[in-house]
Amino acid sequence: MPMAMFEGACAFIIALTLLVMARRRPLADLLGDYLALALSAWLGEQSCIKLYHFYSYSPAWHGRLGEVPVLVPLIWPLVVLSACEVARQLRPRLKVTALAVLVAAIVALDASLVEVVAVRAGLWRWAEAGHLGVPILGVLGWAYFSFGAALCLLRPAPWWRLLLVPAAPLAAHGLILLSWWGLFRFALRGELGTGSVVGILIIGALALAAAGVVRRRGGGIALAVALPRALAASLFVLLLVSSAPADPRLWLHTAAVAVPYCVATRWRAA
(Lines give C-alpha, C1' and ligand atoms only; values in the text may rest on other atoms or scores of the structure.)
Protein backbone atom coordinates (compact mmCIF):
# COMPACT_ATOMS: atom_id res chain seq x y z
CA MET A 1 0.00 0.00 0.00
CA PRO A 2 1.47 3.42 -0.96
CA MET A 3 2.39 5.53 2.07
CA ALA A 4 0.29 8.49 0.92
CA MET A 5 -2.78 6.24 0.67
CA PHE A 6 -2.13 4.78 4.13
CA GLU A 7 -1.67 8.25 5.66
CA GLY A 8 -4.84 9.52 3.99
CA ALA A 9 -6.80 6.56 5.37
CA CYS A 10 -5.38 7.26 8.85
CA ALA A 11 -6.44 10.91 8.64
CA PHE A 12 -9.97 9.87 7.60
CA ILE A 13 -10.24 7.41 10.50
CA ILE A 14 -9.02 10.06 12.97
CA ALA A 15 -11.69 12.52 11.79
CA LEU A 16 -14.47 9.92 11.74
CA THR A 17 -13.62 8.59 15.20
CA LEU A 18 -13.60 12.09 16.69
CA LEU A 19 -17.00 12.78 15.13
CA VAL A 20 -18.43 9.57 16.58
CA MET A 21 -16.94 10.24 20.02
CA ALA A 22 -18.30 13.80 19.97
CA ARG A 23 -21.83 12.37 19.92
CA ARG A 24 -21.24 10.73 23.32
CA ARG A 25 -19.49 13.50 25.27
CA PRO A 26 -19.10 17.32 25.21
CA LEU A 27 -16.86 18.46 22.38
CA ALA A 28 -14.75 20.74 24.57
CA ASP A 29 -13.95 17.88 26.97
CA LEU A 30 -13.15 15.53 24.10
CA LEU A 31 -10.82 17.99 22.37
CA GLY A 32 -9.13 18.84 25.67
CA ASP A 33 -8.35 15.18 26.33
CA TYR A 34 -7.37 14.63 22.70
CA LEU A 35 -4.89 17.51 22.57
CA ALA A 36 -3.37 16.65 25.96
CA LEU A 37 -2.91 13.03 24.85
CA ALA A 38 -1.44 14.09 21.50
CA LEU A 39 1.18 16.28 23.21
CA SER A 40 1.89 13.56 25.75
CA ALA A 41 2.21 10.95 22.99
CA TRP A 42 4.71 13.08 21.08
CA LEU A 43 6.77 13.63 24.22
CA GLY A 44 6.72 9.91 24.93
CA GLU A 45 7.68 8.87 21.40
CA GLN A 46 10.36 11.50 20.90
CA SER A 47 11.99 10.86 24.26
CA CYS A 48 11.94 7.07 23.79
CA ILE A 49 13.58 7.31 20.37
CA LYS A 50 16.25 9.75 21.58
CA LEU A 51 17.01 7.98 24.87
CA TYR A 52 16.92 4.32 23.86
CA HIS A 53 17.54 4.22 20.07
CA PHE A 54 15.46 1.04 20.09
CA TYR A 55 13.24 1.81 17.10
CA SER A 56 12.92 4.26 14.22
CA TYR A 57 10.28 5.29 11.68
CA SER A 58 10.56 4.77 7.95
CA PRO A 59 11.70 7.84 5.96
CA ALA A 60 8.64 7.31 3.74
CA TRP A 61 6.38 9.06 6.29
CA HIS A 62 5.37 12.62 5.32
CA GLY A 63 5.83 15.37 7.91
CA ARG A 64 7.72 14.95 11.18
CA LEU A 65 8.14 16.62 14.54
CA GLY A 66 11.66 15.66 15.50
CA GLU A 67 11.93 11.91 14.92
CA VAL A 68 8.17 11.27 15.04
CA PRO A 69 5.77 11.38 12.06
CA VAL A 70 3.02 13.95 12.72
CA LEU A 71 0.25 11.38 12.27
CA VAL A 72 1.53 9.15 15.07
CA PRO A 73 0.73 11.46 18.04
CA LEU A 74 -2.58 12.30 16.33
CA ILE A 75 -3.51 8.60 16.29
CA TRP A 76 -2.34 7.80 19.83
CA PRO A 77 -5.13 9.72 21.65
CA LEU A 78 -7.81 7.69 19.88
CA VAL A 79 -6.11 4.43 20.84
CA VAL A 80 -6.17 5.44 24.53
CA LEU A 81 -9.61 7.08 24.57
CA SER A 82 -11.18 4.16 22.72
CA ALA A 83 -9.59 1.66 25.10
CA CYS A 84 -10.99 3.64 28.04
CA GLU A 85 -14.48 3.40 26.53
CA VAL A 86 -14.11 -0.34 25.95
CA ALA A 87 -12.81 -0.93 29.49
CA ARG A 88 -15.72 1.01 31.01
CA GLN A 89 -18.22 -1.00 29.01
CA LEU A 90 -16.64 -4.35 29.79
CA ARG A 91 -16.10 -3.78 33.53
CA PRO A 92 -17.96 -0.60 34.60
CA ARG A 93 -17.66 -1.30 38.34
CA LEU A 94 -13.90 -1.52 38.54
CA LYS A 95 -12.07 1.12 40.55
CA VAL A 96 -9.78 3.55 38.77
CA THR A 97 -6.48 1.71 39.17
CA ALA A 98 -7.93 -1.66 38.17
CA LEU A 99 -9.70 -0.02 35.23
CA ALA A 100 -6.41 1.60 34.14
CA VAL A 101 -4.78 -1.85 34.21
CA LEU A 102 -7.59 -3.15 31.98
CA VAL A 103 -7.07 -0.20 29.60
CA ALA A 104 -3.37 -1.07 29.41
CA ALA A 105 -4.21 -4.72 28.65
CA ILE A 106 -6.62 -3.68 25.88
CA VAL A 107 -4.02 -1.37 24.36
CA ALA A 108 -1.37 -4.10 24.54
CA LEU A 109 -3.68 -6.48 22.65
CA ASP A 110 -4.41 -3.81 20.03
CA ALA A 111 -0.74 -2.83 19.81
CA SER A 112 0.39 -6.40 19.25
CA LEU A 113 -1.56 -6.51 15.99
CA VAL A 114 -0.57 -3.01 14.87
CA GLU A 115 3.10 -3.71 15.58
CA VAL A 116 3.50 -7.00 13.73
CA VAL A 117 1.65 -5.74 10.64
CA ALA A 118 3.30 -2.29 10.59
CA VAL A 119 6.80 -3.74 11.02
CA ARG A 120 6.20 -6.25 8.23
CA ALA A 121 4.95 -3.41 6.02
CA GLY A 122 8.05 -1.33 6.81
CA LEU A 123 6.34 1.57 8.61
CA TRP A 124 8.93 1.36 11.39
CA ARG A 125 11.61 -1.05 12.56
CA TRP A 126 13.06 -2.26 15.86
CA ALA A 127 16.69 -2.68 16.80
CA GLU A 128 16.00 -6.24 18.00
CA ALA A 129 13.78 -9.10 16.86
CA GLY A 130 11.13 -10.76 18.97
CA HIS A 131 7.60 -11.87 18.09
CA LEU A 132 7.37 -11.57 14.29
CA GLY A 133 10.02 -8.88 14.30
CA VAL A 134 8.72 -6.99 17.34
CA PRO A 135 10.35 -7.17 20.79
CA ILE A 136 7.88 -7.85 23.59
CA LEU A 137 8.92 -4.61 25.28
CA GLY A 138 7.90 -2.77 22.10
CA VAL A 139 4.30 -3.87 22.64
CA LEU A 140 4.39 -3.31 26.39
CA GLY A 141 5.59 0.26 25.89
CA TRP A 142 2.16 1.08 24.44
CA ALA A 143 0.50 -0.42 27.50
CA TYR A 144 2.77 1.43 29.93
CA PHE A 145 1.98 4.81 28.36
CA SER A 146 -1.74 4.01 28.33
CA PHE A 147 -1.70 2.98 31.99
CA GLY A 148 -0.29 6.37 33.02
CA ALA A 149 -2.72 8.22 30.78
CA ALA A 150 -5.74 6.21 31.97
CA LEU A 151 -4.93 6.88 35.62
CA CYS A 152 -5.52 10.56 34.84
CA LEU A 153 -8.35 10.26 32.30
CA LEU A 154 -10.55 7.98 34.40
CA ARG A 155 -10.66 10.25 37.45
CA PRO A 156 -13.55 12.74 37.72
CA ALA A 157 -11.55 15.67 39.11
CA PRO A 158 -10.55 17.96 36.19
CA TRP A 159 -7.18 18.85 37.71
CA TRP A 160 -6.03 15.30 36.99
CA ARG A 161 -6.02 16.28 33.31
CA LEU A 162 -3.20 18.72 34.09
CA LEU A 163 -1.05 15.77 35.12
CA LEU A 164 -1.77 13.75 31.99
CA VAL A 165 0.88 15.31 29.73
CA PRO A 166 3.86 14.44 31.96
CA ALA A 167 2.31 11.42 33.71
CA ALA A 168 1.92 9.11 30.72
CA PRO A 169 5.50 9.47 29.38
CA LEU A 170 6.92 9.21 32.91
CA ALA A 171 4.91 6.04 33.54
CA ALA A 172 6.12 4.63 30.23
CA HIS A 173 9.77 5.39 30.95
CA GLY A 174 9.62 4.09 34.50
CA LEU A 175 7.96 0.81 33.55
CA ILE A 176 10.15 0.35 30.46
CA LEU A 177 13.32 0.68 32.56
CA LEU A 178 11.92 -1.57 35.27
CA SER A 179 10.95 -4.23 32.70
CA TRP A 180 14.25 -3.95 30.85
CA TRP A 181 16.51 -4.32 33.87
CA GLY A 182 14.17 -6.73 35.63
CA LEU A 183 13.63 -9.12 32.72
CA PHE A 184 14.05 -8.18 29.07
CA ARG A 185 17.71 -7.23 29.31
CA PHE A 186 18.42 -10.85 30.17
CA ALA A 187 15.63 -12.96 28.66
CA LEU A 188 13.10 -13.23 25.81
CA ARG A 189 15.38 -11.48 23.34
CA GLY A 190 15.97 -12.35 19.71
CA GLU A 191 13.59 -14.13 17.36
CA LEU A 192 11.05 -16.00 19.48
CA GLY A 193 9.79 -18.28 16.72
CA THR A 194 6.79 -20.57 17.04
CA GLY A 195 6.62 -20.18 20.82
CA SER A 196 5.49 -16.55 20.60
CA VAL A 197 2.78 -17.46 18.07
CA VAL A 198 1.48 -20.09 20.47
CA GLY A 199 1.65 -17.48 23.21
CA ILE A 200 -0.52 -14.97 21.34
CA LEU A 201 -3.03 -17.73 20.54
CA ILE A 202 -3.26 -18.55 24.25
CA ILE A 203 -3.75 -14.87 25.07
CA GLY A 204 -6.42 -14.65 22.38
CA ALA A 205 -8.19 -17.72 23.80
CA LEU A 206 -8.22 -16.17 27.28
CA ALA A 207 -9.57 -12.91 25.86
CA LEU A 208 -12.23 -14.86 23.97
CA ALA A 209 -13.30 -16.66 27.15
CA ALA A 210 -13.51 -13.35 29.02
CA ALA A 211 -15.56 -11.83 26.19
CA GLY A 212 -17.95 -14.78 26.33
CA VAL A 213 -18.47 -14.31 30.07
CA VAL A 214 -19.21 -10.61 29.59
CA ARG A 215 -21.72 -11.30 26.83
CA ARG A 216 -23.50 -14.01 28.84
CA ARG A 217 -23.95 -11.47 31.63
CA GLY A 218 -25.60 -9.04 29.22
CA GLY A 219 -22.63 -6.71 28.82
CA GLY A 220 -20.35 -6.01 25.91
CA ILE A 221 -19.03 -3.28 23.64
CA ALA A 222 -21.65 -0.98 22.14
CA LEU A 223 -21.78 -0.90 18.35
CA ALA A 224 -21.06 2.86 18.31
CA VAL A 225 -17.81 2.21 20.16
CA ALA A 226 -16.85 -0.87 18.16
CA LEU A 227 -17.39 0.42 14.61
CA PRO A 228 -14.59 3.05 14.48
CA ARG A 229 -12.23 0.50 16.04
CA ALA A 230 -13.28 -2.08 13.44
CA LEU A 231 -12.63 0.46 10.68
CA ALA A 232 -9.13 1.11 12.00
CA ALA A 233 -8.49 -2.63 12.30
CA SER A 234 -9.66 -3.16 8.71
CA LEU A 235 -6.98 -0.73 7.52
CA PHE A 236 -4.31 -2.93 9.06
CA VAL A 237 -5.90 -6.03 7.54
CA LEU A 238 -5.59 -4.34 4.13
CA LEU A 239 -1.98 -3.48 4.99
CA LEU A 240 -1.42 -7.13 5.87
CA VAL A 241 -2.97 -8.29 2.59
CA SER A 242 -0.70 -5.95 0.64
CA SER A 243 2.52 -6.74 2.53
CA ALA A 244 2.33 -10.38 3.69
CA PRO A 245 -0.77 -12.14 2.34
CA ALA A 246 0.68 -15.65 2.69
CA ASP A 247 2.20 -15.56 6.18
CA PRO A 248 0.03 -17.83 8.35
CA ARG A 249 1.63 -16.55 11.57
CA LEU A 250 0.39 -13.02 10.93
CA TRP A 251 -3.08 -14.27 10.09
CA LEU A 252 -3.19 -16.37 13.26
CA HIS A 253 -2.17 -13.31 15.26
CA THR A 254 -4.86 -11.24 13.55
CA ALA A 255 -7.51 -13.84 14.38
CA ALA A 256 -6.33 -14.07 18.01
CA VAL A 257 -6.95 -10.32 18.39
CA ALA A 258 -10.04 -9.89 16.23
CA VAL A 259 -12.23 -12.80 17.33
CA PRO A 260 -12.53 -11.77 21.02
CA TYR A 261 -13.62 -8.29 19.95
CA CYS A 262 -16.21 -9.73 17.58
CA VAL A 263 -17.66 -11.84 20.41
CA ALA A 264 -17.58 -8.95 22.91
CA THR A 265 -19.42 -6.53 20.59
CA ARG A 266 -23.18 -6.00 20.87
CA TRP A 267 -23.86 -6.00 17.14
CA ARG A 268 -27.50 -5.00 17.44
CA ALA A 269 -27.70 -1.22 17.89
CA ALA A 270 -29.99 0.14 20.62
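## The enclosed cavity

The largest cavity has a volume of about 70 Å³. The model in which it is found is a predicted one. How many cavities of 30 Å³ or more does the search count? The count comes to one.

The lining of the largest cavity includes Phe 54, Glu 128, Ala 129, Pro 135, Ile 136 and Leu 137. Trp 180, Phe 184, Leu 188, Arg 189 and Gly 190 also line the largest cavity. Two elements, α5 (136–153) and α6 (160–184), each give two or more residues to this lining. Sorted by class, the lining of the largest cavity holds eight nonpolar residues, one polar residue and two charged residues.

## The second largest pocket

The second largest pocket has a volume of about 540 Å³. Its lining is made up of 24 residues. Those nearest the centre of the pocket are Leu 90, Leu 102, Ala 210, Ala 211 and Val 214.

Which helix supplies the largest share of the lining of the second largest pocket? That share, seven residues, comes from α7. At least two lining residues are supplied by each of α3 (71–90), α4, α7 (194–216) and α9. By class, the lining of the second largest pocket consists of 18 nonpolar, four polar and two charged residues.

Side chains of opposite charge can pair when their charged atoms come close. Across the whole structure, seven salt bridges are found. One of them joins the side chains of Asp 110 and Arg 229, with a distance of 2.9 Å from N to O. Asp 110 belongs to helix α4 (residues 96–121) and Arg 229 to helix α8 (residues 223–243), so this pair ties together parts that are 119 residues apart in sequence. Are the two partners buried or exposed? Asp 110 counts as buried because its relative accessibility is 16%, under the 20% limit. Arg 229, at 18% relative accessibility, also counts as buried.

Another salt bridge is formed by Asp 247 and Arg 120, whose closest N and O atoms are 2.8 Å apart. Asp 247 lies in the loop between α8 and α9 (248–264), while Arg 120 lies in helix α4, so the pair ties together parts that are 127 residues apart in sequence. Asp 247 is buried, with a relative accessible area of 9%, whereas Arg 120 is partly exposed, with a relative accessible area of 33%.

## A network around Asp 247

Asp 247 also meets Arg 249 in a salt bridge between their side chains, at 3.2 Å from N to O. Arg 249 counts as partly exposed, with a relative accessibility of 34%. Which residues are linked in a network of salt bridges? Arg 120, Asp 247 and Arg 249 are linked in this way.

## Cysteines without disulfides

How many disulfides does the count give? The count comes to zero. For Cys 84, the closest cysteine sulfur belongs to Cys 152 and lies 10 Å away, which is too far for a bond, because a disulfide needs the two sulfur atoms to be within 2.5 Å.

Cys 84 is buried, at 3% relative accessibility. Cys 10 is buried as well, with a relative accessible area of 7%.

Gln 46 is situated in helix α2 (residues 27–52). With a relative accessible area of 13%, Gln 46 is buried. Which residues is Gln 46 in contact with, leaving aside its neighbours within four places in sequence? Those contacts are with Leu 65, Gly 66, Glu 67 and Val 68.

## Two residues with positive phi

His 53 has a phi near 50 degrees, a positive value in a residue other than glycine. The place of His 53 is in the loop between α2 and β1 (55–57). His 53 is exposed, with a relative accessible area of 60%.

Leu 188 has a phi near 55 degrees, again a positive value in a residue other than glycine. Leu 188 is found in the loop between α6 and α7. At 46% relative accessibility, Leu 188 counts as partly exposed. Leu 188 is also one of the residues that line the largest cavity.

Definitions and conventions:
Residues are numbered from 1 along each chain as its sequence is written. This is a predicted model: local features need pLDDT of at least 70, side-chain atom pairs count only at pLDDT 80 or more; totals for chains, interfaces and linings use all residues. Side-chain values use heavy atoms; hydrogens and water are left out. A salt bridge is a side-chain nitrogen of Lys or Arg within 4 Å of a carboxyl oxygen of Asp or Glu. Helices (H or I, at least four residues) and strands (E, at least two) are DSSP runs, numbered from the N terminus. Buried means under 20% relative accessible area, exposed over 50%, partly exposed in between (1.4 Å probe, protein chains only). On a 1 Å grid over the protein atoms alone, a cavity is a set of points where a 1.4 Å probe fits but cannot get out, and a pocket is an open set with protein on both sides within 12 Å along at least five of seven lines; lining residues have an atom within 4 Å of a point. Grid points are joined across faces, edges and corners, and a volume is the space filled by probe spheres set on the points. Ala, Val, Leu, Ile, Met, Phe, Trp, Tyr, Cys and Pro count as nonpolar, Asp, Glu, Lys and Arg as charged, and the others, Gly among them, as polar. Contact means heavy atoms within 4.5 Å.
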